[in-house]
Amino acid sequence: MIRNYIKTAWRNIKKHPGFSFINAGGLTLGIASCLLLLLYVSYHLSYDHQFKNLENVYMVENNQPGDGKIYTFSATPRLLSTTIKSEVPGVVQTARVISYTAGGLITYNNNSFEKAGLFAEPGFLSMFSYHFIEGNPLKALTQPNSIVITKGLAQTLFGNKDAMNKTIIRNNKLPLMVTGVIDNVPANASFQFDFVIPWVLFEDANPWAKNADWGSNFANTFVQLKDPSYLTQANRVMKPLIGKHSNGNKNEVFLFPFSKLHLYSKFENGKSVGGLIDQMHLFEVLALCILLIACVNFMNLSTARSEERAREVGIRKAIGSSRKSLIGQFITESLILSFISTITAVILLVLVIPFFNDLLNIKLILPLGEWYAWALVIGLGLLTGLISGSYPAFYLSSFQPIKVLKGMFKGNKSALPIRKILVVVQFAFAVFLITATICIYRQIRFIQSKSNGYDKENLVEIPVEGDLGKKTDVLVNELKNNGAITAATGVSQSITQNGNNTWGITWPGKQPDQKVLFDIFGAGFDFTHTTGVKLLEGREFSNQFPADTSNKSIMINETAAKLMHLKQTVGTIIKWGDQPYTVVGIYKDFVWGSPYQKIPPMITIYIGGTGAAAIAMRLNPAKSITSCIDQINKSLKSINPAYPPTVHFVDSDFEKKFESEKLLAMLANLFGGLAIIISCLGLFGLAAYAAEQRTKEIGVRKVLGATVTNLAGLLSKDFLKLVTIAIIIAVPVSVWALNKWLNNYENRVELSWWIMALAGVITIAIALLTVSYQAVKAALANPVKSLRSE
């Protein structure tokens, strides 16, 4: 019986290749889109899950009250790690980690490579259960001159030779012995590094860190508990820990599951309120909707052929077929098309994943060698076939053979509202996706169009590495003399990446209970001249004023000046902790952190060449960018030969601030487009069904003088009603959802009526283009053929 079902189903598929191709094409796009979205979601849901004891590992988060709210960040005091280990119950081990200064130049046999690294305490490697190819995780970081490298770095440095106990050089001066080799770090891991070196090396390179007190937050602290049952008790003990050891410090720390760090990193008033997980839920719903839309299309396209299949059903019932056997046949036909579509979707997925990875800068891998992957694919194909084939199977098998064979069959009118409802849902979804895409792109453009406070064009930054800090003046003078640059200044860190801040700024008239968080930015001479930041009042740092270079002068931004409400800001003495500074200049606000948030108050202190993390340079506009960069590279090779030249373009780095929103817009655009295409196939099927049902009506109207335009309008009118209903439903849902998303940003666009109108017009245009083919085809048909039997 099953063999007969398959044979009959395959015969019907081959008999109507065009119909079968459209049906299979819609299912292929739906299944491929669903699988790709689920693969993307799975990539993020499995972040850091390579660790064996992940459920017992926690990151210490720091809650700090101020400005009427609670700020949450992961930087913690140096002393916290050992204090937790000795005072908090249920703790197995703790580890401090720092990544922002650990990377550098790794050299072996005169071959040098810039690599990413971590400073970490010995317990870090065993806590996170990194797989050691060579070495012992418990002893690998116990010696101060040790280094643990990844398999990839070992192959880069030593080829196929044994890496253990080899000596390599970090930053051209520090010899380190390889004490361990671990597997390469997966792409979906929070820690991305090529090597790990002992924590004591950070303290040796930064003497201030050895004596840092409870008020200095700079280390990430990780804690391993015996089991999760200790979490509540541990947090109860930890909450007052900083205040207990530091009088007056109101910070409160707590343990946050490391497994949630990637997806639940958004905090408001000291509590986790979501994060990337919200996007993952959105993509899960999108995957389900696209698959259901594809199934609905199959139903609509199948029922569009009801007149033709009715005769087949009537004959089969007349010769003795039961309804059960007919349902089995139609379901089998649906399953065959579904599995053909599933196989095609997997092939399509293999082809598009590399492009998708390049587009999103991730590393998705289709796990074809895993049984669960094939179980998912087969299950999805089976489910799709059953869902998409169920309604046509029950609907077609319900036809009465007497009415069909006497020519009295006109189709089941009760089925029509169901199809109309499904089309309305499809296009309401399409309207929402179009509206969301327009809104996201407008938000990005709105922020990009706002002034960032400095001139990004022709502005580059060079990281200060090796001996470059001591030779900054030599480099800058050489580049000015050969005309490659017009100005340069040292900066404490990139002008595109925010970093340090403090609560410790006081000024005349400040209220005793007033707590304000200030950003701290360090700059050298010619800061405003180099970056294009506008100086509003006073002056910038200059070598003509000895107080500037002796750590007695300070500059502040416009927001800080307004906050202080001073009659005469320039010349006023303010304090950072106990250190007094004289305000010498006020500059216009510039975007240092998130461009979506309001600019906080900022202070700028003077840093010399040796204190700078980077050198900002203004390229000579009279020369080509290529020639300027060539001159910079040439000078860097001459002055700092141990390090490969590295030049960062500020405008490119600034664009990285929009990566998350651009990614969301790109995915909404891509999968929204696919959903609309699949929806159009469903509308195409419904138009074909309507034209089939009204063939004789159209013939009569044409004989009576109706034009092609009249008939096309007649057929299109009903579908425009459905699309209009879809727009009416989608608009309030879109307004609610998009306003909720926009509320995450302090700087945001307002939802305008024209966005909804534009989305509606686009949807109507797409629907008209889809329906017009069937409408015009039916209107152009010869009425003689449809009326000859009358």
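## Asn 357 and its polar contact

A polar contact is a pair of N or O atoms within 3.5 Å; within protein, one must be able to donate a hydrogen and the other to accept it, and residues adjacent in sequence count only if both atoms are side-chain atoms. The side chain of Asn 357 reaches the backbone nitrogen of Leu 364 at 2.8 Å. This is a predicted model: local features need pLDDT of at least 70, side-chain atom pairs count only at pLDDT 80 or more, and totals for chains, interfaces and linings use all residues. Residues are numbered from 1 along each chain as its sequence is written, and side-chain values use heavy atoms, with hydrogens and water left out.

Asn 357 sits in helix H12 (residues 323-360). Helices (H or I, at least four residues) and strands (E, at least two) are DSSP runs, numbered from the N terminus. Asn 357 is buried, at a relative accessible area of 11%. Buried means under 20% relative accessible area, exposed over 50%, partly exposed in between (1.4 Å probe, protein chains only). Beyond neighbours within four places in sequence, Asn 357 is in contact (heavy atoms within 4.5 Å) with Ile 362, Lys 363 and Leu 364.

## Nonpolar cores

A nonpolar core is a set of buried Ala, Val, Leu, Ile, Met, Phe, Trp, Tyr and Cys residues joined through side-chain atoms within 4.5 Å. The largest one has 104 residues; among those touching the most other members are Tyr 40, Phe 356, Leu 364 and Phe 671. Helix H15 (residues 415-449) gives the largest share of this core, 16 residues. Another core, of 26 residues, lies apart from it and includes Leu 125 and Phe 132.

Leaving aside neighbours within four places in sequence, the contacts of Phe 356 are Leu 36, Tyr 40, Ile 362, Leu 364, Leu 667, Leu 670 and Phe 671.

## Strand S7

Strand S7 (residues 117-120) is covered on both faces. Gly 117 and Phe 119 are buried on one side, Leu 118 and Ala 120 on the other.

Two strands pair if DSSP finds at least two bridges between them. S7 and strand S4 (residues 91-98) run antiparallel, joined by 2 bridges. Ile 98 stands opposite Phe 119. S7 and strand S12 (residues 195-198) run parallel, with 4 bridges. Ala 120 has Pro 198 as its bridge partner in S12.

## Cysteines

The whole structure holds 0 disulfides, a disulfide being a pair of cysteine sulfur atoms within 2.5 Å. For Cys 295, the nearest cysteine sulfur is that of Cys 34, 9.3 Å away. Cys 295 is buried at 1% relative accessibility. Cys 289 is partly exposed, at 22% relative accessible area.
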